[in-house]
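The exercises below are meant for someone meeting this structure for the first time. Please look over the sequence and the structure, try each task, and then read its solution step by step.

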Amino acid sequence: MNLVKEKRLKNYIDGGWIAPKDVRYVDVVNPATGESVAEVPMSTKVEVDAAVESAKQAQRGWAIVPAPQRAEVLYRVGSLMKERKENLSQLLTTENGKVIEEARGEVQEGIDMAFYMAGEGRRLFGQTTPSELKDKFAMSVRAPVGVVGIITPWNFPIAIATWKSFPAIVAGNAVIWKPALETPLMAHELAAIFAEAGLPKGVLNVVFGSGNTVGNAMVEHKDIRVISFTGSNEVGRNIASKCGQLLKKVSLEMGGKNAVIVMDDADLDLAVEGIIWSAFGTSGQRCTACSRVIVHENVKEHLQERLLKEIKRLKIGNGLDEKVRIGPIINKVSLKKINSYIKIGKEEGANLLTGGYVLDEGEHKNGFYYAPTIFTDVSPNMRIAQEEIFGPVVSLIPVKSFVEAIEVNNNVAYGLSSSIFTKDINKVFAAQRDLDTGIVYVNAGTTGAEIHLPFGGTKGTGNGHRDSGVAALDVFTEWKSIYIDYSGRLQRAQIDVD
């Protein structure tokens, strides 16, 4: 496998790889083995300022390049990603830990996003509308915002980055990108692909560093007009507060406490398959992961038995092994947090059905692994049923009816994804109406978003904006209304109307 050639990474600023001066470096650790695979710089405000200055200069010229020509760069990016899909996937698994099958799916998501957003280069539709005055033409168009900042998490280091950077770039903006410290290799590779695809220098800049330093410098910089953030609710609230004071547009995609509802008429085999994939894929480290199963009491025992049977078949280990179905947790800090919730669940009176411990022997000795965990007989108000754990931990919550299931689903602070398994078409339509989440699945798990639909949620999950789909353009563009009066005289709207 061809890893990044330089072990000590550099920032990508103004079209060049630049090492920051007088900063410390931290290890990029393979969570499957505990080994260092690279070193990433802890950059400062100095590097952010340099990146913004470069972006400001580049954006002016980039904005006047015809949008279909801007889109050609994305087509080339998509083609290069497609050519290098396997290498990128192996690299993603090495720094992130997710199993290789999922890594390939994530890289494919980036490829799909490149081609989809490139298509928007020939759309970017506005509107024409009749004027209320004679001999006057009215229209609205999308205009780029200018310099935008994107802050992306470690759990989907390529997919989420493409959700944000591709629409921003095709719309005529320049981008400052702060990737997660845990997964900088994918950012390095994507920046290199953009350069090879012919993106003008300065249109994309990558600055590595911490959220407290680089992230804050981006949020507070007067010339960064938009911040698009995916991460924790706590950090998102802080960013929103600062952006509000600066009258800066902010797009937030934060946590989830997603539920699969299993009704008593459900196909239980299908439901089990959906739960296993949603709860334990990416080791539960997804904002769309299923962390609650709201199950009708009539089928609860049958569902538990089938889940236990399937969990025993899951191979846990290094994601580069094609037979592995669950990879490691990202780091020791996350491992400790997950384990703390096991104690909380027991103290609250939940019944630990399986799992609930760190795997640290044999092939798991040097990595960060956690056993797939299920609590049963969980009440809806327990902390393990309310708070985001971000690991392979699921709570089974019994209910007596469809109405109760909907109420339990909605009674959390988050609203990202929900799912229902039922054969009753009436319940299907009622559920898609009443489930208070930005994404609803029927007879499928809670994860598996497609790039041409909006991605995001309600309540504590976000602030109303969406990643992916055409809706992503709303984050990175402003609406400009244009009036062309060809009457040859002054006409005053609302006053000179016959």
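**Exercise 1.** Which residues does Phe 166 touch, not counting residues up to four places away in sequence?

*Solution.* Before starting, note that this is a predicted model, in which local features need pLDDT of at least 70 and side-chain atom pairs count only at pLDDT 80 or more, while totals for chains, interfaces and linings use all residues. Residues are numbered from 1 along each chain as its sequence is written, and side-chain values use heavy atoms, with hydrogens and water left out.

Step 1: apply the rule for a contact, which is heavy atoms within 4.5 Å. With residues up to four places away in sequence set aside, Phe 166 touches Leu 74, Val 77, Met 81, Gly 110, Met 113, Ala 114, Met 117, Ala 161, Leu 190 and Phe 194.

Step 2: A nonpolar core is a set of buried Ala, Val, Leu, Ile, Met, Phe, Trp, Tyr and Cys residues joined through side-chain atoms within 4.5 Å, where buried means under 20% relative accessible area, exposed over 50%, and partly exposed in between (1.4 Å probe, protein chains only). The largest such core has 67 residues, and Phe 166 is among those with the most contacts inside it, together with Val 77, Met 81, Met 117, Trp 177, Leu 190 and Phe 194. Helix H4, residues 100–120, gives the most to this core, namely nine residues; helices (H or I, at least four residues) and strands (E, at least two) are DSSP runs, numbered from the N terminus.

Step 3: look beyond this core. A second, separate core holds 30 residues, including Ile 329, Ala 385, Val 399 and Ala 405. In soluble globular proteins, nonpolar side chains tend to be buried together.

**Exercise 2.** Describe the overall dimensions and make-up of the protein.

*Solution.* Step 1: count the elements, of which there are 14 helices and 23 strands.

Step 1: compare the radius of gyration, taken over C-alpha atoms, with the globule rule of 2.2 Å times the number of residues to the power 0.38. For 498 residues a compact globule would have a value near 23 Å, and the 24 Å of the protein agrees with this. The C-alpha atoms fill a box of roughly 80 × 65 × 40 Å along the principal axes.

Step 2: turn to burial and contacts. Of the 498 residues, 56% are buried, and among contacts with a separation of 6 or more, 73% come from residues 24 or more positions apart.

**Exercise 3.** Is Phe 368 buried or exposed, and which residues surround Asn 409?

*Solution.* Step 1: find Phe 368 in the loop between strand E15 (358–359) and strand E16 (369–370). With a relative accessible area of 9%, Phe 368 is buried.

Step 1: list the contacts of Phe 368, again not counting residues up to four places away in sequence: Val 29, Pro 31, Pro 328, Ile 329, Ile 330, Asn 331, Lys 332 and Leu 335.

Step 2: move to Asn 409, which is found in helix H12 (residues 402–410) and is buried because its relative accessible area is 3%. Leaving out residues up to four places away in sequence, Asn 409 touches Ala 259, Ile 261, Arg 292, Ile 294, Ser 418, Leu 435, Asp 436 and Thr 437.

**Exercise 4.** How many salt bridges does a search of the whole structure find, and which parts of the chain do two of them join?

*Solution.* Step 1: use the rule that a salt bridge is a side-chain nitrogen of Lys or Arg within 4 Å of a carboxyl oxygen of Asp or Glu. The search finds 24 of them.

Step 1: examine the pair Glu 86 and Arg 104, whose side chains meet at 2.8 Å, N to O. This pair links distant parts of the chain, with Glu 86 in helix H3 (residues 85–96) and Arg 104 in helix H4, 18 residues apart. Glu 86 is partly exposed at 35% relative accessible area, and Arg 104 is partly exposed at 22%.

Step 2: examine Arg 306 and Asp 269, whose closest N and O atoms are 2.7 Å apart. Arg 306 is partly exposed at 32%, whereas Asp 269, at 53%, is exposed.
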